[in-house]
Structure formats: C-alpha cells, structure tokens
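Here's a quick briefing to read with the structure open beside you. Have a look at the sheet and the charged pairs as you go.

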Amino acid sequence: MRRTKITLGQLEKFLYKSADKLRSSMDASEYKEYIFGLLFLKRLSDVFEEKREQLKKDYKHLSEHRLAEILESRTSYGDTMFVPPRARWNEEWIETRDDGSTQPHPALKDTQTGIGEMLNKAIAALEDNNESLHGVLKGNINFNEQVAGKPKLKDLLDHFTRSVDGQGIRLVNDVFEFPDLLGAAYEYLIKEFADSAGKKGGQFYTPPWVVRLMVRLIDPKQKMSIYDPTVGSAGMLIQCSQYVSEQGSDGTDLDFHGQDSDGGVVSIAKMNLILHNLQSSHIEFGNTLEEPHNEKDGALIQFDRVIANPPFAQNWTLSRCKRHERFQYGHAPQTGKKADLMFLQHMLASLKSTGRGAVVMPHGVLFRGRKEREIRVNLLQARVIEAIIGLPPKLFYGTGIPAVIIILNKSIPEKERDHIFIINADREFAEGKKQNQLRPEDIEKIVHVYQNRIEEDKYSRRVPITVIEKSHDWNLNLRRYVDNTPQPEPEDVHCHLHGGVPRAEVDGPGATKQLTKFKLSATCVFDELDAQRFAFKRDLTSTSKLRARVESQPEIAATRRHLSDALANWWTTARHDFAELAPKTELMEVRESASGSAYITLTDTRLPKVRIALLGQLVAALAPLGVLDDYQSRGVFVNWWDSIKYDLKTITSIGWAPTLIPEQMVIDRFFTVERNALIAREQSIVEAEAAIAEAVENAQLILEYEADEDETINAALMRSELTSEIGEDESEKSKIFRDALAALKSAESKWKEHKDAHKRLTAH
C-alpha cells in the first residue's frame, strides 16, 4: 500500500500554524527568521537521517567500529549536507570535553532547558560543517536573545517534531506529492509573513504579480547570470528560475547573485534558494551602494540580467561609497532621501554590454529637477533606458507611492535607440482593500505591448528622445506622453432636474462597446422618454432586478452557449495533452542536491510544452468570439493554470492521487447533510453572538455604565455589574436588572449550545 503523501495545502497550513507559537510575543518581521531557521534545520536533519539509514543498509556487512566511522565521515554523504551530532533532530549524542570526560545530551527535539542556546549551537555547527551554508544561519539568527520565553520555543520545537499530520512524518522528498513542494510552501510562508508585517514586509518581499511582470520583461534564458542588488528573500531570482522552466529549459542552470543589507533577510534568501534546489547562488551581506560585493579581480562583476526593487526614499553618502566609477551619470542629492537613481546607476554598471535590467522606481525620478534632472538627461543621452512602465497605485506593502518599472538595456536595437517606449498602465488592475493587484490579463497586455512596440491610445506610445528634450525639457512625467485621464462624466442639466438617463451616456463608446459585445439592445432595460432621455423600465426597482433582467436576455444565453461550446471543443484536444503528463520514469534523471531538496526532471519538458500549446489553443478558441480580447483570454488561462500547476506537478511526479480531488467537491458530493447542518449551526452562532451584543448594549444602557479609558465592555463585565446591582433587592425597580441579566444569560446559553453542537459536528 502506497504511503499517503503530504500535500502542499497540508504543509502550508502546518507551517503557518508554527507562527502561532511566536505571534503574541514578536512582530512578524522579527520572528520569521526563527520559523525559517527551524524549518531548515529540521529539513536538513531529516534528509541526513534518511541518507544515514541507507548507509547502514549498504554497509551492514562491516564491523560495528568500521560502520560507525563511515556514518560519521562527511565524505560518506556525498552531496547531502552533513549534519553534526548536536544538530540532529532525533538522535541523542555524547559530548567529549577537553579533559577527556564525556557528557550525554538528548536529541534536539527532546531538549527541555536552555533551548535557545542549544538551537544556536546546532545551527552554528551545521554551518561550520558545510561550506555552502557559510553565512546562512550563524550570526543572523539568535534564538536565545530575541525569542521571548522558553515555553514558546518548546512549543515551537514540539510543533516541528509532530510534523504535518501529528504522526512525525519526516520532511523528505519521498513523502512529498511533488519534489519541490517544500520550496513552494516556503514561498507561501514568506508571503504570509509579509502580509502580517505590513509596511515592514516591503523590506524583504515584492508582490509576486510585480515580480512576474518584471521577469517577463527581462526574459531570462538558461545559463544566464542574474543579479539582484537588493535581493530581499530572493523571490525575483526564484521567479527567474521558474520562468525559464516554463519555457521548457532547465531553470536550475542559472548563476544567481544578490546582496542585502539585512542579515536576517540574507539568511532567508539563502535558505529559500537552497530549498528550491538553486545551488549556483552567491548572496552577500552588506550595503550595496556603499560596498558592492559583486566584484572580482578588482572589477565589478557584470551580469546578463539585473532585476531589483530597491528601497524608496533612502539617504546616501558619496564619501562612504566605494567604486565611484559606478556613478558616471551624476550624483543625486545626499540629503532628502534621493538615493533612487544611484541604485539605478549601480545596476547599469553591473550589466554586461548585451545585458538588460528592470528596476522599480518612484515616479519622482521621472520629473524631479536639479541634480536628478542632470542624471536623467545623461541617461537619456547615453541611450540606456529602453522603456518606462507606469504601475497602478497601492501595489506595494505599506506605501501608496506611485511607482514605475524602468527597463535598462545597453544594446537597444538601432531602430529603437532614439526612442523611449512608454506604457501608462496605472488604470488597469484589481482593486483590493489594503493592496491592489495586477491581474494576469494586465501582465499579458503590458508584456505584449512592450515586446511588439504597439502604440495604443491612452495606454502606450513610442516617444522620440528629441520630443522629450525639446518639447518637455527632459521631463518624463508619463501623462505628458500617455494621458489616460478618463473623460469627465457628461452632465445633463435637464436630466438632473427632471430625471432620466442621458441618451448620450447610453450611446457613448463605453456602453455601446459592451452592448455590441453581447449583441444586446438598450431597450431591454430602458424605455425612451424623449429624444434626449431614457428611463429604466418601471419594474426594475433594484440593481438585483436589473441584473436578473440582463442575464435573462436570450442574447446572453447565446453568448454563454458559444463560450461553453468553444471551451468544450478546446477541452477535446486539451485532455489528450493532459494525458501525456502521466509519470514516465524513463524521462527523469534523478539528481540529489547538496540539501537533498529535490530531484530534477532534466529531460522532461512535457509540462511547459503542454502549457504553451494549451495557451495558444485557448486564445484561438475564445478571442474570435469577441467577448474576451486576446489579453483577457490569456489572463483566463494563466489564472486557471496557476491554480492547478501544483496538481500537475503531482501528476507528473507520482500520478493520480486522491488528494487532487478538491475537498469542497467531496463535501458537496457525499456530505451534503453534514455540510448543511454545519452551515445552519454557523448561522445560529452568528445570530446568538448578535443577541449577546444586543443584550450587552441593553445592560449598559439601563445601568448607565460608562467604561474607563482602557476598559472593554463585554458580557462578563455586564453580568457582574447587573448581579452586583440586583444584590438582595426584590423590588419592582430591580426587576429591570433581573430581566436584563436573564436575557444576557439566555443569549450566552444559546451561543454555547450552538458552539458545542458545531464542535460535535466537526469532530465527526
């Protein structure tokens, strides 16, 4: 019987729960290093233990003494990282002191006292015994100093010991649904920490949709060198690898370099790359502007691709910076937090003569004057800026500052050298409460328009540099060139006074385009009042009725039918492509990394080929119908593919697994009675909570109770106050208080009853 595999969802849930052990005592921007460090330690220990068990089997014919020598020799473990005794999760060990005496120690998981110190010594020993880990853990993570409270650390240790399903499953490839599952879960956890950290999250994490766009714009290829001078958690480097893999090449065959001024973040980046099996990486600690580490033999190392999201609005000091030759285009002010263009110049100096780069910059660099204007003029005259792309607002953590992506290119094609291609995409995005997002169709449109130099009204323009110079005095404010300001709403005084919908609005290009797309007539919802006005039909008294009327039109039904038919025809071909993804061991070359983190299907390019083929086929099926344009059709596919890509990795790795069936589908199919009972109970709980809140509010009112500044009004407080007020008073006056107390207790009793019933249902 095949062992049940750990799914991505299970591992994500397990890792996020680990944060609960520290969340109350530390900020997310602080405790992330400890969660990642412990996960990394447990992973390497489990992989080492797996290799150790195999060695015992391979050399069981040897003497006990000789076997022990082999088991403690680093060379016996090949590319698997060597875990010294004090860093082993499950193994007791004996320490030999300088005087020759010995002291036994429990396994790491069984440590009861001095846990912080033991963890620090464990990660230090792990780093000392593996050259590839130098600078990853020791010095950047200090469990003993910053994690408050031994019980918290013990809880965290126990949590990782219990593992995903509570049964102590080891974090090794054999129990994962697909090889790079741990790397995928690590990415998820980084995003969750960034979300929790708020503004501080931007110090180590760039939203994935922005990174995805930047990677596609620089188009990295296999065997290239890629550099991020403000590397954060290495998300940009990892997405470069994933992009190369999607194109059907080996995404691990890249040379990664990076630097960051936060030691803890450097550790996260290195662990992230190792867990993604990206061994050819060189991540350095230090201030990139002041002391760049991308140097060799007295010169800056230059790369095929450079990509970065530098911190906005930083101060800098020229006298503290080494390698002034990087700043050949000028020096920004050293006060007022204007280091942006200095980062950009460092990136240019780090590009090969054939290289291309993408950097996120605040809008101010496009139009600020004085010294920054001089730098801008010199950059434009040097013909090293290929394109500028305006981004939507509120994309980044903790800041609403408008941003742009500047594309750097030292070898712009001759016909484009005297132009800057400008895209103003700041109006096309998905709006969120705290943070906006770029949708797949937004990314598809930007990339397609950029790659093909398409000029689209109110969106993109190919601007001659002479126009920037002579007409705008080197000012690159995007709306001077691509003004996408919406047309003002038409005002109709007659309609304002007498009611009705202006005909000009209904006949305008926006409404006409939508009506034409679905072959609808405005008369399905409007009556004509006169030559200038429409009125909604009398029975359409709410937006829900209006929506129902539109959706009930035969034209809408016909459009849906055409879309369904197109999708059905597409699926007829697509299912054969999917069938080709069944596991084929003859296509796989197994290679163990230094961390033992994954095997790589070096010759298996089926998944990227299937993706490319299906994308083209779906666009060809949907776009001609006129409902979705080319970009939206591509966005539909990308959205869908991203939601199933890990399932497809599972299929190509181990074949079909029951866990691929969505849990909700199983519930809806086989547990409808239980589901409906849970929903009913949950609704009852909500109603009971509302009743408690009402009873608390009523009690406060009749008691005329005024809360102190830091006091919280709740059911327990009101119960106490009512009981105290009633005392032994049996008068008519106290009846009001007795009734209020009874109502409060009744509401609480019903709430508890529903909660207990809900708990019993979930237990079954």
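What follows covers a sheet, the helices on it and some salt bridges. Keep in mind that this is a predicted model.

- You're looking at an open sheet of 9 strands with mixed pairing, in the order 5-4-3-8-9-11-10-12-13.
- Strand 5 (281-285) and strand 13 (460-464) sit at the edges, each pairing on one side only.
- From one strand to the next, the twist averages 15 degrees.
- Strand 10 (residues 385-390) runs parallel to its partner, strand 12 (residues 419-424), over 4 bridges, and Gly390 stands opposite Asn424 in strand 12.

**Helices packed on it**
- Helix 10 (residues 263-275) touches strand 4 (255-260) and strand 5, and its direction makes about 170 degrees with that of strand 5.
- Helix 13 (residues 440-452) also packs on the sheet, touching strands 9, 10, 11, 12 and 13, at about 165 degrees to the direction of strand 12.

**Salt bridges**
- The count comes to 46 salt bridges.
- Glu444 pairs with Arg216, with the closest N and O atoms 2.7 Å apart.
- Glu444 is in helix 13 and Arg216 in helix 8 (residues 208-218), so this pair ties together parts 228 residues apart in sequence; both residues are buried.
- Arg88 counts as buried because its relative accessibility is 3%, while Glu91, at 27%, is partly exposed.
- Lys752 and Asp756 meet at 2.9 Å, N to O, and both lie in helix 25 (residues 732-763), about one turn apart.
- Lys752 is partly exposed at 48%, and Asp756 is partly exposed at 31%.

Technical notes: Residues numbered from 1 in each chain as written. Predicted model: local features only at pLDDT ≥ 70, side-chain atom pairs only at ≥ 80, totals over all residues. Heavy atoms only, no water. Pairing = 2+ DSSP bridges. Helix = DSSP H or I, 4+ residues; strand = E, 2+ residues; numbered from the N terminus. Axes fitted to C-alpha atoms, helices over the stretch in contact; angles between N-to-C directions. Contact = heavy atoms within 4.5 Å. Salt bridge = Lys/Arg side-chain N within 4 Å of Asp/Glu carboxyl O. Buried < 20%, exposed > 50% of the residue type's maximum accessible area, 1.4 Å probe, protein only.
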